[in-house]
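Welcome! Here is a short tour of some packing details, one site at a time. Please have a look at the structure first.

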Amino acid sequence: MTDTANITTADALLTTADGMPLKAALARAERKKRIRALLLVMPLFIFIFFDFLYPIGLMLFRSVENPLIAENMPLTANELARWDGQGIPDEATFKALAADLKVARAERTIGRVATRLNYELSGIRSVITRTGRKVKKITGPPYKEQLIAINSAWGERVTWVTIKRVTPTITSLYYLNAVDKKMDIEGDIVSTSEERQIYVTLFKRTFWMSMTVTIATLLLGFPIAYLLANIPLRFSNLLMILVLLPFWTSLLVRTTSWIVLLQTQGVLNDIMVWTGIIDDEQRIQLIFNAQGTVIAMTQILLPFMVLPLYSVMKTISPSYMRAAQSMGAHRFLAYRRIYLPNTVPGIAAGSLLVFILAVGYYITPALVGGQDGQMISNIIAFHMQKSLNWGLAAALGTLLLAGVIALFWLYNKMIGVDRLKFG
Amino acid sequence: MIALPEHAGIEERIWHYLFIAICAFVFLFLIAPILIIIPLSFNAEPYFTFTKEMLSFDPVAFSMRWYNEFFSSEVWRSAVWNSLFIAFSATILATVLGTLAALGLSRPEMPFKALFMGLLISPMIVPLIITAAGIFFFYAQMNQYVQMTGTYLGIILAHTVLGTPFVVITVTATLSGFDHSLTRAGAMLGGSPTTVFFKIIMPLILPGVISGALFAFVTSFDEVVVVLFVASVEQQTIPRQMWAGIREQISPTILAVATVLIFISIMMLAAVEMLRRRSERLRGMSPG
């Protein structure tokens with residue numbers, strides 16, 4: 001008790017030259033240092049925030065944002081808010097629909113409305129556009145009968161349920177779509193029909209292909225990492241260049257190389273034909289399929305496995321193995337019980353890194369994937385550039401991103417980002 | 001190579017040679033696909049494979065045809081110019097921003113170090129397609145203030161984002177063994193913070209800065225996804241042209257381009273290796 005009291009009084013007595021308590025002066029100096037460190041990081045952080053984090057946020061928001069119907073069919077959206085979803089809506093709603101469609105056609109937004117609705121109910125596109133063309137003939141009531149006369153779909157409950165469902169400006173429909181689910185007419189979530197279940201299949205395929213690539217890089221990378229770690233430095237420096245060269249070579253160059261090597265009129269097939277292993281008619285399709293993609297990705301990602309493995313193996317002292325063997329362990333037993341467990345951090349680091357990079361691959365599958373080698377990134381690109389269903393692209397992207405972030409978090413926990421190294 | 005002890009038994013010998021064979025196969029797997037491109041790029045015929053004449057080393061089968069095509073084509077020339085301009089600009093930005101951030105991150109007083117590090121590294125981890133899509137949405141939104149899509153500015157800034165993690169990583173790695181008492185000594189001897197930075201810190205971290213810059217350069221030089229999303233016809237880069245060339249597969253010019261790129265990467269690799277060794281020597285981490 002007395003000790004503590006003494007120290008506090010002693011502290012209070014210590015002051016700097018200008019009479020400030022030392023403790024406060026120290027705290028101030030520390031704070032200044034912290035601020036200075038932060039100021040150095042800030043320019044990059046602000047830049048990354050605006051040109052990377054915010055854009056990613058925009059993409060996340062796109063996956064739930066759904067303003068199109070509410071903005072372009074405002075009257076209908078309003079009327080449908082009152083509708084209980086039973087039977088078909090009342091005359092006022094039909095009147096609103098006729099008014100909205102007239103405006104939408106005049107402002108040329110009707111095509112986008114039709115496209116948006118078609119994502120949820122295929123075939124509704126033509127109902128909207130056809131009605132849009134004829135709706136100007138309707139000048140007075142009864143709207144209901146006239147609209148149903150133009151297209152009988154307006155007398156069906158499912159049409160109205162679908163429109164009501166896409167009126168909220170925030171929606172989860174894109175996510176349902178991204179996992180091959182949809183809402184049925186009663187609002188229950190059901191799986192889409194077998195032949196339309198493409199996204200879950202793609203996620204699974206992406207997972208399996210990345211897994212295969214990870215295992216393949218581990219199997220191929222382990223022996224050479226071991227070799228590199230256990231030979232004299234001047235040899236290993238030389239061989240390391242063979243590992244690093246692919247790392248520095250353009251991805252497109254390496255993808256081109258694999259096409260040249262593996263295609264049916266390619267080098268490997270030619271060699272097999274010339275040496276008589278196969279006939280000219282039996283050329284094997286080695287690329288433009290899933291297997292070709294896996295082969296190319298394995299070679300491209302192999303350095304990311306070898307480097308962490310190598311840096312861990314380099315730290316394992318050879319005396320461990322000698323100790324085990326001198327105590328009577330057979331070479332293989334010593335290897336399995338002593339060496340392998342010591343390499344686990346390297347295996348974990350390499351595998352996580354390769355897997356993280358593999359799940360997001362786009363270029364290689366796009367160029368050599370053919371039909372069955374496409375991965376989730378490729379369908380995202382398709383919806384971004386071709387089908388223009390950006391909401392669905394964003395939902396698929398968000399799911400992929402969630403997976404990658406979870407793995408990155410795991411990597412950070414287990415290995416630490418500051419341990420990432422190249423070359 | 002790994003020496004085989006004199007007394008090695010037959011079983012041990014078999015395993016040893018099997019191991020060497022496996023390693024040789026893996027190295028072949030790594031390198032052969034890259035090297036195969038080089039002779040093919042001298043093909044006199046418009047094929048992506050060896051002709052019979054090439055295999056018998058008939059000089060008629062070889063030509064510089066595809067190199068001529070590459071160097072004389074207007075499209076490729078503008079692609080080279082675009083790639084160099086974009087990569088240089090992005091590299092300068094990424095190196096300055098990344099080095100400053102790395103200096104801050106490696107100070108012991110830096111608060112929330114792990115969080116900042118994670119965020120600043122994330123452009124390297126997030127799948128490119130997601131980054132490209134996000135930046136596309138962002139630029140579309142920005143267009144009403146500054147035209148971003150279809151401009152050099154947009155691509156340069158996007159490539160800067162992708163390049164900075166490499167600079168941050170390499171520079172923090174060089175700073176990891178940095179002796180902070182050196183800066184204090186410099187300050188004590190009367191050096192202003194600027195003098196201390198340029199006379200003491202900079203020479204020590206320079207190898208890391210340069211290799212980070214080279215990584216950033218290569219990242220931009222090789223990037224195609226963002227270019228596909230936000231560039232217009234005017235900003236076609238080398239990888240963008242190669243992408244189109246691979247899809248159409250009409251002319252082996254891409255093989256000539258690939259060969260040129262391979263030589264560029266060999267030079268880059270040599271530069272980085274030299275820098276790494278120099279840095280280790282400077283910091284007294286390795287004798288050689």
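## A buried asparagine

In this predicted model, N289(A) has a relative accessible area of 13%, which is under the 20% cut-off, so it is buried. You will find N289(A) in the loop that links helix 14 (267-274) and helix 15 of chain A.

What surrounds this residue? Leaving aside residues up to four places away in sequence, N289(A) touches V368(A), G369(A), G370(A), D372(A) and G373(A). Its side chain also has a polar atom 2.9 Å from the backbone nitrogen of G292(A).

## The nonpolar cores

The largest nonpolar core holds 175 residues, and those touching the most other members are W248(A), L301(A), Y362(A), I363(A), F229(B), M242(B) and W243(B). Helix 15 of chain A (residues 290-313) gives the most to this core, with 14 residues.

M242(B) is worth a click: beyond residues up to four places away in sequence, it touches L252(A), V253(A) and T256(A) in chain A, along with W76(B), I254(B), V257(B), A258(B) and L261(B) in chain B. There is also a second, separate core of 28 residues, with L80(A), W83(A), V135(A) and Y143(A) among them.

Terms used
Residues numbered from 1 in each chain as written. Chains lettered and ligands numbered in written order. Predicted model: local features only at pLDDT ≥ 70, side-chain atom pairs only at ≥ 80, totals over all residues. Heavy atoms only, no water. Core = buried A, V, L, I, M, F, W, Y, C linked by side-chain atoms within 4.5 Å. Buried < 20%, exposed > 50% of the residue type's maximum accessible area, 1.4 Å probe, protein only. Helix = DSSP H or I, 4+ residues; strand = E, 2+ residues; numbered from the N terminus. Contact = heavy atoms within 4.5 Å. Polar contact = N/O pair within 3.5 Å; in protein donor to acceptor, adjacent residues only side chain to side chain.
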